[in-house]
Amino acid sequence: MFKNVKEIYGWAFNQCAFESLDLSNVEVLEGGFSNSPNLKSVKLSDDVKKLGDQVFAWCNLLEEINIPSKLEYIDRYALAGTAIKDIV
């Protein structure tokens, strides 16, 4: 679904029903997926430099996310309220 998407802002997919996300082509994540009750895993692009405010906040089932080596900044509450057990 996100094959041609390069940037996601605001509350674009707030409360979505996705269980997993492949965001490997998305370069800008300034928000987008908070309060998504089924989200369990996220694959980020190697080019993401910032996780915006509340981008995955309150995704209670989110357990796994990869942190790219180029990531420079994780904004406040970006991962608040998650169940992250594994950062790869």
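**Exercise 1.** Find the bridge partner of Asp22 in S4, then work out how the strands run.

Solution. Start at Asp22: its bridge partner in S4 is Lys43. Strands here are DSSP runs of E with at least two residues, numbered from the N terminus. Now step back: S2 and S4 (residues 41-44) are joined by four bridges and run parallel. Two strands pair if DSSP finds at least two bridges between them.

A quick note on the model: it's predicted, so local features need pLDDT of at least 70, side-chain atom pairs count only at pLDDT 80 or more, and totals for chains, interfaces and linings use all residues. Residues are numbered from 1 along each chain as its sequence is written, and side-chain values use heavy atoms, leaving out hydrogens and water.

**Exercise 2.** Sort the side chains of S2 (residues 20-23) by face.

Solution. Leu21 and Leu23 point to one face and are buried (under 20% relative accessible area; exposed is over 50%, partly exposed in between; 1.4 Å probe, protein chains only).

**Exercise 3.** Classify the aromatic pair of Phe2 and Phe18.

Solution. First, the rule: rings of Phe, Tyr and Trp (its six-membered ring) pair if their centres lie within 6.5 Å; planes under 30 degrees apart count as stacked, over 60 as edge-to-face and the rest as tilted. The whole structure has seven such pairs. For Phe2 and Phe18, the centres are 5.7 Å apart and the planes at 65 degrees, making the pair edge-to-face. Phe2 lies before strand S1 (7-8) and Phe18 in the loop between S1 and S2, so the pair ties together parts 16 residues apart in sequence. Finally, check accessibility: Phe2 is buried at 5%, while Phe18 is partly exposed at 24%.
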